Every structure is written in structure tokens, then in C-alpha cells.
Amino acid sequence: MEKNEKNEESKINYRGWKAMPLVIGNETFEKLGALGTLSNLLVYLTVVFNMKNITAATMINVFNGTTNLATLVGAFLCDSYFGRYNTLSFATVASFLGLLMIDLTAAINKLHPPHCEAEEKHSCQGPTTGQMAFLIASFGLLIIGAGGVRPCNLAFGVDQFNPKTESGKRGINSFFNWYFFTFTFAKMVSLTFVVYVQSNISWAIGLSIPAILMFVACVLFFAGSKIYVKVKASGSPLTSVAQVIMVAIKKRRLKQPEQPWISLFSYTPPNSINSHLPYTDQFRFLNKAAIATPKDQINPDGSAANPWRLCSLQQVEEVKCLLRVLPIWVAAVVYHVAIVQQQTYVVFQALQSNRHLGQGGFEIPAATYIVFTMLSLTIWIPIYDRVIVPFLQRLRGKEGGITLLQRIGIGLFLSIFTSLVSALIEDRRRIIALTKPTLEFKPRRGAVSSFSAFWLVPQLSLAGLAEAFAAVGQVEFYYKQFPENMRTIAGSLFYCGLAGSSYLSSFLITIVHRNTKDSPKGNWLPEDLNKGRLDYFYYMVAALEALNMIYFLVCANWYKYKGSGANAIELEGKNQGTSKKDDV
């Protein structure tokens, strides 16, 4: 049996870098297409579809949340039934159709409401039921596309390299770098050139650019069909998780063994890609799934005859890995609420600020200011990797300088300052708008302050710095702490966290709006920010992030890294070294 597996593996023709022009080209154009539309979608809904700020922000948050949540479904279907190639094929086409439909809503007058003139600011016509249905259908296709592309793209690129050769390992590491470079490149192009065309030339032309780029992505992807390594679906690893939980419930009345690391049923499949995990004393109720009773039968090869009646200690420890990550994931969900505001309400702040360059007439699109978050992240990552990490390694004598949880914690701490700085800047923008001469009056939005929109750069830069620590740290944390056969699920967990953040942000906005719209001090989040108190909302988010920081510190102190049996804080340096082979 083992010989046949080795022969099958030797027949795989890894093309490595020969396939990369098509893989990376597809990913670059796919991101340019998707981000080219999503980056300015908030403005599109308020300007073209005449939606209120609160409605548009809520709709975008729900859309982003559902898009990210769909990655979990995509990862499950990919692992269980379709494989990465088939999933990507279907998802890429779905994304193209979704972008094409959104472009049609701008190009065809009957698919969007009439333009709202300044003198009609109190009687702007909203979208009809049919127009909303068409728009939501396009959102649905984008959700399907993102659900398949996001969890599979990275793993599919890695599949093209042989992980057992030195050149293959180097290729995988380089591919990770290229992957994040293409994301940053696509984001910056989308936030500058594409957003400018949409906001200043034509929405129809500006939205056709992402659709065309996505079509190019489809062509590049299918052009390499004959040379790709196509890993077949091997069943979802979540089945093993379900088995452990179900068997532990069935055997809940059994007593815990005195020496579980010796007496629990132990078996590891010979072809398993997962590293061996030692016994840990957390979540002891799961240990009962590995207690062998007289009724449980064992196969000649040592495996359980019925995995729904008896699980191995290895399976139990793999489930414990997942459960230990979840409290950290919850902290990450709350953390991203602060970052979500730097992608939604900061756009509204820019719309009511002076966006002109100098004394000239050129006006920077409001959504383009988000590029400063990407610039901050892009500049900081190489500095951190090439300067800070080597310095900390020499100073502390530990690989990586700091642990992954410490890196995430720094990002969470910075998110507090991001919200505080945002509140101070908004307070200043509002005061200037109310006490100084304004530049112009926008329909349904109010007066444009003479306050320069470049004052938004500090909060956006802090958000990028927080992401460089927390978001990048999360991706690496999930990838290294999950069992090796669950890394597609690990990738989707990050996006599920973003989904939770979007939903939580929508919930907070709705609660604040409902409870302040009739208050004596006025609505915090009205259409006209000059009449609201967005700064109070930012202060509230900062307080939430401070509480989240305390919660995270408690969870980090309790956490045990994969492959260790000691406290994560005690082993913060030791574990980074001992789990090195697991991280390759």
C-alpha cells in the first residue's frame, strides 16, 4: 500500500515556477478585479443608488461579513468534494459574472435610481425592488466567488511545488511573498487609478475595468489547466472533529483515566501528514473519546474498527488545537471592529473634508485615502522582517524575537490608539466645519469642511501598523497552530473572523443609531457628520478594544502552543524553537 502511494507521488509532475506566471497572473488580475469594485462600493451605493449613509454602511458590512463567512463553506466543499482546481474554476467565473452585473447597474439607467440633484436633497428617489434584486443578485455571485477563491488560492499555488525538495520549499516561501505582494499591489491600484475613474470620469467605465480584469484572470487560469498539479478532494478533516465530539458525548459517563497519556487509545495512520501531538491536560472531557471499552473493536493494523465509537489520542489532541485557538479568534473578531471603521466611516469623513491638492482643482477620491493603510503596512513589514526581528533575536536570543501571540497583542494595543486618534481628528474636523467657512454643500450629506482630508492619514497609518502586527500574525498563527491537514480551514477561519467583525460592526452602528437619534444631544451617526458625534462612536470603539485587550491577555496566558504541554507564556521562546519543524 505504501509503495503504491510513493509511486503515485513520484508520478506527479510539479511544474513549480513554470506554472507561476499563470497562477500569479490569475491571482493578480482576480484581486485587481474584485478589489477594484469593492474598494469604492460604499460610495457607489450612496451616490448612484441614493442610499443613506447608515443603510449603505450596514449593507457593506453585511456583504463583507457574508463574503468572508462563505469561505468556510468553500473550504469544506473544496476538501470534501471538488478539490481546489474545480472550486477555483467555478468561483472565478462566478466572480466575473458578479462584477459584470454590478457594472450593468451603472451602465443601464433602468438598473439604478435617477441621479439626485442638489436641490432635490430631501426627495431623492431610492432604488426600486427590481433594482435592489438585481444588485443583490450580483452581490450573491461575488459571495459565491469569494467563498471559493479566498480559501483555495494560496493553497492551490503551494500545490504546484514539491514540498519534499529544497527547491520546492524555497519556491513555497517565495510564493507566499509574491502572494501578499500581489494583494498589496492590487489594493493600491484599485484605491488610486480604478477609484479615480469611477469617481471622476464614469461609474460605468470605472466598474467595467474590474470586470475586464476578472475576465483576464479567468483566461489566465484556464490557460494553465494542462500543467497544474490538481490535488483531489480527500474528505473533510472536520469529519474527524465531529467524531471526537460525538464519541466524547456518548462516553461522557466514563471516568477519567489516572494516566491518560498512557492508557488512552493511541493510533496514528501511517500516511498521515499531521505531526505527532503529545497529551495536554486542557479540555479533559474530550479524553473520553479515546477510552477503549470492551465493546470497542480494533482492526489488525491497530486502528479503530468504528471511528464513531472510538477515537485516537492524536485525534483528540487535534480537536484540542482547534478549541484552544477559538478564544484567540474571538479577540481577533473584536479587534477588527476598529479596522472596519477605517474602511467605512473614514470614507464619509473624507467626503466632508477638503480633498483638493494644494490650490489646484484636482480632488482625490474619498475611498483613495484608504491606500494609506496599505502603504503603512507595506512599508512596515520589510522593516519589521529585516530590521526589528533580527534585533529582537539578538536581544532576546529567541527565534522570531517575539511570539505570535505577542505580535497579535501589539496589533490589538495599536487598535486602541487608532480609535482614539480617529476620535480626536473627527472632533477637530467637525469643529472647523461648524466654525469656519465651508467649501461647498453636498446633497444629502451637508457642508464640506475646509479641514484637510490629509489629517486622516495618521489614523489610517496606525490602522495599517496594527494590521502588520495583528492580521499578519493571525494568518501565521492559525496556519501553524492548526493540524497540517486543516490548513485550508485555517485560512478560512481568518476570513470568518473578518465576517464576525463586519456583523459586530453593523450591530454596533444599528444600536448607536437607534439609541441616539432621538436623544437631546442628537444622533451620533446622521447623514451629515457635521451634525453628529462620530468622535463619540470612535471613543466607544476604543473602550471596546481596551476591554478586548484585557480579555486577550487572559487568553494568551492560558494558551498552550501546539506540540507543547506547558503554558504558552512560559514557553513563548522555547515553543518557537521546538515547533520549528511543524511550521515548515
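Ring pairs link Phe-477, Tyr-478, Tyr-559 and Tyr-561 into a cluster. This is a predicted model, and the exercises below begin with its aromatic rings.

**Exercise 1. Determine how many aromatic pairs the whole structure holds, and classify the pair of Tyr-44 and Trp-203.**

Solution. A search of the whole structure gives 23 aromatic pairs. For Tyr-44 and Trp-203, the centres are 5.0 Å apart and the planes form an angle of 55 degrees. Planes under 30 degrees apart would count as stacked and those over 60 as edge-to-face, so an angle between these limits is called tilted. The pair of Tyr-44 and Trp-203 is accordingly tilted. Tyr-44 belongs to helix α3 (residues 41-47) and Trp-203 to helix α7 (residues 203-223), so their pairing ties together parts that are 159 residues apart in sequence. Both Tyr-44 and Trp-203 are buried.

**Exercise 2. Classify the pair formed by Phe-221 and Phe-222, and state whether each residue is buried or partly exposed.**

Solution. The ring centres of Phe-221 and Phe-222 are 5.4 Å apart, and because their planes stand at 75 degrees, the pair is edge-to-face. Phe-221 has a relative accessible area of 1%, so this residue is buried. Phe-222 has a relative accessible area of 36% and is therefore partly exposed.

**Exercise 3. Compare the span of helix α7 with its expected value, and describe its start and its buried residues.**

Solution. Helix α7 has 21 residues, and 31 Å separates its first C-alpha from its last. At 1.5 Å a residue, 30 Å is expected, and the span found is close to that value. At the start of α7, a side-chain oxygen of Ser-202 comes to within 3.2 Å of the backbone nitrogen of Ala-204. The buried residues of α7 include Trp-203, Gly-206, Leu-213, Cys-218 and Phe-221. For Cys-218, the relative accessible area is 8%.

**Exercise 4. Repeat the span calculation for helix α14, and locate its bend.**

Solution. Helix α14 (residues 457-481) has 25 residues, so at 1.5 Å a residue it should span 36 Å. Its end C-alpha atoms lie 35 Å apart, which agrees. A bend of about 35 degrees occurs in α14 at Glu-467.

**Exercise 5. Find how many disulfides the model contains.**

Solution. A disulfide requires two cysteine sulfur atoms within 2.5 Å. By this rule the count is zero. Cys-496, with a relative accessible area of 5%, is buried.

**Exercise 6. Describe the placement of Leu-544 and of Arg-533.**

Solution. Leu-544 lies in helix α16 (residues 534-558). Its relative accessibility is 27%, so Leu-544 counts as partly exposed. Leu-544 and Ala-338 are 206 residues apart in sequence, and their C-alpha atoms are 9.1 Å apart in space. Arg-533 lies over the face of Tyr-536, at 4.2 Å from the ring centre.

Technical notes
Residues numbered from 1 in each chain as written. Predicted model: local features only at pLDDT ≥ 70, side-chain atom pairs only at ≥ 80, totals over all residues. Heavy atoms only, no water. Buried < 20%, exposed > 50% of the residue type's maximum accessible area, 1.4 Å probe, protein only. Phe/Tyr/Trp six-rings, centres within 6.5 Å; stacked < 30°, edge-to-face > 60°. Helix = DSSP H or I, 4+ residues; strand = E, 2+ residues; numbered from the N terminus. Lys NZ or Arg CZ within 6 Å of the ring centre and 35° of its normal. Expected span 1.5 Å × (residues − 1). Bend = angle between axes of the 7 residues up to and from the residue. Polar contact = N/O pair within 3.5 Å; in protein donor to acceptor, adjacent residues only side chain to side chain.
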